Amino acid sequence: MEVFYYVVFGVLGMVVAALELSKNNKDRINTSSAFTSFKNNYLVVYSLMMAGDWLQGPYVYYLYSTYGFSKGDIGQLFIAGFGSSMLFGTIVGSLADKQGRKRACVTYCITYILSCITKHSPQYKVLMVGRVLGGIATSLLFSSFESWLVAEHNKRGFEQQWLSITFSKAVFFGNGLVAIIAGLFGNLLVHSFSLGPVAPFDAAACFLAIGMAVILSSWSENYGDPSDNKDLITQFRGAAVAIASDEKIALLGAIQSLFEGSMYTFVFLWTPALSPNDEEIPHGFIFATFMLASMLGSSLASRLLSRSSPKVESYMQIVFLVSAASLLLPIIMASLVAPSKVKGGGISFSGCFQLLGFCVFEACVGLFWPSIMKMRSQYIPEEARSTIMNFFRIPLNIFVCVVLYNVNAFPMTVMFGMCSVFLFIASLLQRRLMMIDDKPKTNDWTPLNERNTEDDPLNI
């Protein structure tokens, strides 16, 4: 069955190469040299940040297990990471809007480097601190960098459509190519050089330090709402008002939470789905294959976003439907193919079909990221961009914590079915978003925020 893995990887690689090489003028947007320089600078930083993140991912569980912790203990460490992201994410997002997005990006680097350093200790409490720091860093990674990019892009007067170029390239490189290279590099450090499971975390810290140096030397600061008279509670209230007063923002937040919740659940489920009887599967190679599929999706997104039709609100309905169908495959195969009772061996016939379905889902993930970034740049008010984006992550982190806590309580088919239902609901919400896309806002965020502040008798 090893040939099967190489065939899938090779076919995906050829399709991605063909898509990139076949782009014509319709698939490209003419830009200025100033924008190209700005875009490349951001892509270098974003790729370094993602390298620091991807290097750690495959070895977190493995490192904890080598320290002798049980599955339950490791589960609690993971819950601590998502829980801290939920509890502190909105706070750090608000601070980013008020104190500066560049400063928040530097804070991400420092926080994640400290988290990497804690991996050298086998003490459970130290590792728990590292998970909390990692959760805070994750909130900063998925809000501050995008907020800085959108604000700086607009401040420099670049055309709005050019944002889609940066978004799609960031996903193509940061979530695709860099992930593949990071996986192979981590494998080289741990297995080929025998440096141990903590080596990828040290390498990640080095990449984060380099990225921080680039940020400090080449980025300018920008803010959301730097007013001195607005404390965190007022900012939270203003962000909540923005979400409640604009249906498009609320829909976007629900769509993001449903898709990302399903995506993170898939991260925990794909390994047992492909090896239910402890089949020997090449985890690193399959991970690289998934990332290649994600690159395929981001390459398709680049083409779609460069054109005026179809609109992002339109084609994302199809993306969510396809992703929902792809996660139904484990349920279908379980009903059609009798489960094998033979332990070990290579991947099963059912596993092969599921792997293909999972590659389709990862392609949808590659389409999702630049597309959701584009919609966020259109709908989320600049004054509280980081705050609102981290508000969106609260239900996501609650959902993932619940799944992690009950991961053994439900059959795997039920979990996949739940994810498929969530993705179908996301498609329905996306349709609603498309229908009201041209509807003007009922209220502007700023007047609502100020009115809410002035009318509140508690805010003196």
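Helices, core and cavities

Four helices each supply at least two residues to the lining of the largest cavity: H2 (33-54), H7 (144-155), H8 (163-192) and H15 (349-379). The model discussed here is a predicted one. The largest cavity holds about 100 Å³ of space. Its lining consists of 13 residues, and those closest to the cavity centre are Tyr46, Leu141, Phe142, Glu146 and Met373. Sorted by class, the lining has ten nonpolar residues, two charged residues and one polar residue. The count of cavities of 30 Å³ or more comes to three. Rolling a probe the size of a water molecule over the atoms is what shows where such empty space is left.

Helix H2 also contains Ser47. Is Ser47 buried or exposed? Ser47 has a relative accessible area of 16%, and because the limit for a buried residue is under 20%, Ser47 counts as buried. Leaving out residues up to four places away in sequence, Ser47 touches Phe173, Gly174 and Val178.

How many of the residues of helix H5 are buried? The helix runs over residues 101-118 and has 18 residues. Of these 18 residues, 13 are buried, so H5 is largely enclosed by the rest of the structure. From first C-alpha to last, H5 reaches 26 Å, close to the 26 Å expected at 1.5 Å a residue.

Another residue to look at is Phe82, which lies in helix H4 (residues 71-99). Phe82 is buried, with a relative accessible area of 14%. Which residues does Phe82 touch, not counting those up to four places away in sequence? They are Phe268, Asn397, Val400, Cys401 and Leu404. Met333 is 251 residues from Phe82 along the chain, and the C-alpha atoms of Phe82 and Met333 are separated by 32 Å.

Conventions
Residues are numbered from 1 along each chain as its sequence is written. This is a predicted model: local features need pLDDT of at least 70, side-chain atom pairs count only at pLDDT 80 or more; totals for chains, interfaces and linings use all residues. Side-chain values use heavy atoms; hydrogens and water are left out. On a 1 Å grid over the protein atoms alone, a cavity is a set of points where a 1.4 Å probe fits but cannot get out, and a pocket is an open set with protein on both sides within 12 Å along at least five of seven lines; lining residues have an atom within 4 Å of a point. Grid points are joined across faces, edges and corners, and a volume is the space filled by probe spheres set on the points. Ala, Val, Leu, Ile, Met, Phe, Trp, Tyr, Cys and Pro count as nonpolar, Asp, Glu, Lys and Arg as charged, and the others, Gly among them, as polar. Buried means under 20% relative accessible area, exposed over 50%, partly exposed in between (1.4 Å probe, protein chains only). Contact means heavy atoms within 4.5 Å. The expected span of a helix is 1.5 Å times one less than its number of residues.
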